[in-house]
Amino acid sequence: VFSGNGPSGICLSYLLSGYTPYFKRHSLHPHPILQRKLEEAPEVSVLDQDLEYLSEGLEGRSHSPVALLFDTLQRPDTDFGGTAESVLTWWHEPDRAIPHLVLGRNAPGGAWHSIEGSMVTLSRGEWMGLPDLPFKEWLKQKRRGLRNNRATAEDIAQYYQHYVMKKGLQNNFKCGTVVTSVRKVSAESISSHTQKDLQEDTDSLWNSNEKSTEVFQVDGFFKTVEGDTEPFSIYADNVVLATGTYDNPMWLGVKGENLSYVHHQLSAFEEAVKNNSVGIMSDPVLIVGAGLTAADAILFAHHCNIPVIHVFRRRVTDPGLIFNQLPKMMYPEYHKVHQMMKEQTAACAGPYERYISLPEHHVLSFGKDKKCIFQDKNGCQKAYKISMALVLTGSNPNLSFLPNNGIDLAMDSDQPVNPKRNPIDVDPFTYECTQEKGLYALGPLAGDNFVRFVQGGALAVASSLLKKANKNPP
């Protein structure tokens, strides 16, 4: 059972449906050591090889060796602007399929259906693609090109839905479901009647030769077409957490943050512009945060001519700031925001009207009169009258369905799970939780925050589950 039907869940479903990657004979990988390793056993699927051995020595934009491996097999020289073809060929081997169920609130694609459709992705379009169906090819069929090599959120949401249909995965997906609890129970406590039903339904999950004394019970409900909710309980030997992090925006924890003009999602700003509650003549909109969502809000305000006060804690030159890590040529609009942040501080007026940047400031409180008080690094305070506030400082996963909100599974088990600072602690070559066998974590929960890199985690999980189910060829 997987909880979450975004790109991680879709990719894993593909790999568990019998689609098996092999090294394409006579293809040439630009990494000579990896090429030599791949040539050692071309008849053995990548899923059945030693992923640690194959990924050793690879470097790139991810900390996960398996993520780098799967990415470089599919897009060999993409980081250098190359367009070399994948060195993988895919075979459908139905006898190797493992029965599974993918549970998600939305249609396949997960949170991509909740993001404003016209938003352009940070990643290049071809990096958003899933195995054996290049995103660019799909876009060509729609007679569309990529703007500046990048795609809109709407394109991506549609592509993921198309992928599930095209690859025949739809029977594994149960959409409109909400998981409320995942916990271990003893196999004996489940009635023999339920076990019998399960054995018929899920085939290998209840293998009698597996002396499994404990299984996972997954509870939740699904929404019917009529709008009713129906509860369900599923039992499984293995559960994959792939819920992403879009659900739960972070709060600052300051006085007045629960007032009606303070919002934590960009969509609230778009809504306010649509119904004319903010406009050219309004008091400034306050934007808090220095990530890409905050930048998107600034670009949106700039486009609508709405005045902005932009508050963030870091220095503009901080190397940890995402803008200092993006190539200027590829991301001209984010480079523009970064320039505004540097040149348009309250202390010195710059060339950009209707925008003030307050670096190294933080919010102290929001008042009922829409006055907001900030403090700089020296303790000096300033007050501004605003029309609305957008706190866009990232989001945390919602793991309320796990015991203790999943904190026991994190790298630091005293702190909540956070995709950047405190991901779930997983084995790097299986993605199985170190604290709970049979439970796996994928995507942002395991620290992989880009679509191109979540797929390596799916490869690791599929490889591990195939070994457990004994579906690896000798």
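Analyst: A quick term first: helices here are DSSP runs of H or I with at least four residues, strands are runs of E with at least two, and both are numbered from the N terminus. Keep in mind that this is a predicted model. On that basis the protein has eleven helices and 22 strands, and 53% of its 474 residues are buried. Of the contacts with a separation of 6 or more, 67% join residues 24 or more positions apart.

Now for the close-up. Two packed helices are described by the angle between their axes and the distance between the axes. For H8 (residues 266-274) and H9 (residues 292-303), the angle is about 10° and the axes are 10 Å apart. Angles under 35 degrees count as roughly parallel, so H8 and H9 are roughly parallel to each other. On the H8 side the contact is made by Leu266, Phe269, Glu270 and Val273, and H9 brings in Thr293, Asp296, Ala297, Phe300 and Ala301. By type, that set splits into six nonpolar residues, one polar and two charged. The spacing in the lists is worth a look too: an α-helix has 3.6 residues a turn, so residues three or four places apart point the same way.

Most residues other than glycine have a negative phi. Asn305 has a positive one, near 65°, and is not a glycine. With 41% relative accessibility, Asn305 counts as partly exposed, because that class runs between 20% and 50%.

At 44% relative accessibility, Asn405 counts as partly exposed.

H6 itself covers residues 153-166, and its 14 residues reach 20 Å from first C-alpha to last, close to the 20 Å expected at 1.5 Å a residue. Its buried residues are Ala153, Asp155, Ile156, Ala157, Tyr159, Tyr160, Tyr163 and Val164.

Notes:
Residues are numbered from 1 along each chain as its sequence is written. This is a predicted model: local features need pLDDT of at least 70, side-chain atom pairs count only at pLDDT 80 or more; totals for chains, interfaces and linings use all residues. Side-chain values use heavy atoms; hydrogens and water are left out. The expected span of a helix is 1.5 Å times one less than its number of residues. Buried means under 20% relative accessible area, exposed over 50%, partly exposed in between (1.4 Å probe, protein chains only). Contact means heavy atoms within 4.5 Å. Axes are lines fitted to C-alpha atoms, for helices over the stretch in contact, and angles run from 0 to 180 degrees between N-to-C directions. Angles under 35 degrees count as roughly parallel, over 145 as roughly antiparallel, 65 to 115 as roughly perpendicular and the rest as oblique. Ala, Val, Leu, Ile, Met, Phe, Trp, Tyr, Cys and Pro count as nonpolar, Asp, Glu, Lys and Arg as charged, and the others, Gly among them, as polar.
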